[in-house]
Every structure is written in C-alpha cells, then in structure tokens.
Amino acid sequence: EYLNARRKRMKVQEIKKYFVLFYMFGFLAGILSANFIAGEYLADLGIFHEFFMEQYMQTPIDNSEYFWYLLRLRITPLVILGLAGCTKFRKAAVLLFLMWTGLLSGLILTVAVMQRGFGGILLCLVGVLPQLPLYTAGYLILLWFLFCYPKRTWSAVKTICFFLFMAVGLILECTVNPVLMRMFLSSI
C-alpha cells in the first residue's frame with residue numbers, strides 16, 4: 001500500500017515537471033524570438049506605446065459586449081484542446097499548448113520590458129489579474145486529465161470546478177480587470 005501511494009506521488013511529480021519544463025521551454029523560446037527574430041515587428045505593434053494606453057483610458061467599455069468578445073476568445077483554445085483530446089495525440093496537444101502558452105508569455109513580457117522597462121512587467125501583471133489564477137486552475141484540470149487519460153477519468157466534480165473557474169475568471173476579466181487597468185494606467 002505504501003509503495004503504491006509513493007509511486008503515485010512520484011508519477012504526479014513527474015507530470016508536474018513535464019508541464020513546467022514544456023512551459024519554460026516555450027517561455028525561453030518566446031524571449032529569444034522577441035530579442036532576435038521578431039523584436040522589431042513586435043515593437044511596431046505598439047500595444048505598450050503611450051498612444052495605445054491613452055486610447056484604452058478614453059474608450060468606454062460596454063461590459064456585455066466585452067463579455068461576449070472575451071467568451072469567444074476564451075472558448076477557442078478550449079475547443080481546440082477538447083478536439084485534440086479526442087484523438088490519440090492528446091498528450092502532444094497538452095505539451096504543445098504549454099509550449100505555446102509559454103512562448104506567448106515570453107514574447108509579451110519581453111516586448112513589455114523592451115518598451116516600458118520594469119513598468120511593462122507591472123502592466124502585464126495588472127493585465128492578467130484577477131482572472132489568471134482562475135483560468136490557470138481551470139486549464140490545469142483539463143490539461144491534467146488529457147495528459148493522464150485513460151488512467152484518470154472525468155467526473156462531475158471536475159466538470160463543476162472547471163466551469164466554475166472559467167466562468168468566474170471570465171466575469172472577473174470582464175468587470176474587475178478593466179477597473180484595475182484604468183487605475184494602474186492613471187497612476188503611471
């Protein structure tokens with residue numbers, strides 16, 4: 001019994017290492033590509049320029065319209081992951097998703113630092129609060145299941161937790177995040 005529990009703990013730790021490793025590999029690739037390949041192109045996009053920040057501050061946000069926009073935006077990767085989860089390539093899809101997420105994180109943070117210094121990191125942090133911890137928890141439920149399938153089964157508890165995390169994250173992103181962003185941008 002003890003050895004069985006120990007093997008399960010070791011397996012969980014091994015999967016956690018894979019998740020972190022693939023995310024960090026993507027993160028490093030994002031940093032390198034922002035610095036060496038796509039830096040000029042990304043710098044020209046201007047999402048961290050003063051003009052964009054001023055436009056954000058002056059544009060009123062219609063919460064209901066913003067909610068539907070965010071819902072479409074947030075459902076797309078879930079649908080892609082769900083479809084990939086129905087194939088024999090589900091583990092590869094999970095690892096590619098983690099690398100892709102890491103790549104985007106590395107790109108965005110690097111460009112933010114290039115254009116705004118330490119304030120760019122703070123801007124990115126405020127931009128993902130308070131919804132990111134909830135989205136992360138929801139995605140981890142799905143990713144863990146897909147990676148461990150068929151050894152793990154989907155349950156009603158996982159369904160409720162997943163939808164609860166995603167729904168609350170979406171509501172917070174739609175309502176609280178714009179307020180936090182405006183407060184932060186008005187203070188810099």
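A: **The aromatic rings and their setting**

Phe163 is exposed, with a relative accessible area of 53% (buried is under 20%, exposed over 50%, partly exposed in between; 1.4 Å probe, protein chains only). Phe162 is buried, at 8% relative accessibility.

The model is predicted: local features need pLDDT of at least 70 and side-chain atom pairs 80 or more, while totals for chains, interfaces and linings use all residues. Residues are numbered from 1 along each chain as its sequence is written, and side-chain values use heavy atoms, without hydrogens and water.

The protein has 8 helices and 0 strands (DSSP runs numbered from the N terminus: helices are H or I, at least four residues; strands are E, at least two). From the N terminus on, the order is α-α-α-α-α-α-α-α. The C-alpha trace spans about 60 × 40 × 30 Å along its principal axes. The protein has 188 residues, and 31% of them count as buried.

Now the rings. The structure holds 11 aromatic pairs (Phe, Tyr or six-membered Trp rings with centres within 6.5 Å; planes under 30 degrees apart are stacked, over 60 edge-to-face, the rest tilted). One of them joins Phe97 and Tyr139, and it is stacked. The two centres lie 5.1 Å apart, with 20° between the planes. Phe97 belongs to helix H5, residues 90-116. Tyr139 belongs to helix H7, residues 132-148. The pair therefore ties together parts that are 42 residues apart in sequence. How exposed or buried is Phe97? Phe97 counts as buried, at 18% relative accessibility. Tyr139 is buried too, with a relative accessible area of 13%.

Return to Phe162 and Phe163. Their ring centres are 5.3 Å apart and their planes stand at 75°, so this pair is edge-to-face. Both rings belong to a cluster. Ring pairs link Phe162 and Phe163 with Phe145, Tyr149 and Trp154.

Next, helix H7, which holds Tyr139. H7 has 17 residues. From first C-alpha to last, H7 reaches 23 Å, close to the 24 Å expected at 1.5 Å a residue (that is, 1.5 Å times one less than the number of residues). H7 is mostly covered, with 12 of its 17 residues buried.

Lys91 lies over the face of Phe147, 5.2 Å from the ring centre. Arg182 lies over the face of Tyr56, 5.4 Å from the ring centre.

Where is Pro130? Pro130 is in the loop between H6 and H7. A cis peptide bond joins Leu129 to Pro130, with omega at about 0°. Pro150 lies in the loop between H7 and H8. A cis peptide bond joins Tyr149 to Pro150, with omega at about 10°.

Key. Lys NZ or Arg CZ within 6 Å of the ring centre and 35° of its normal.
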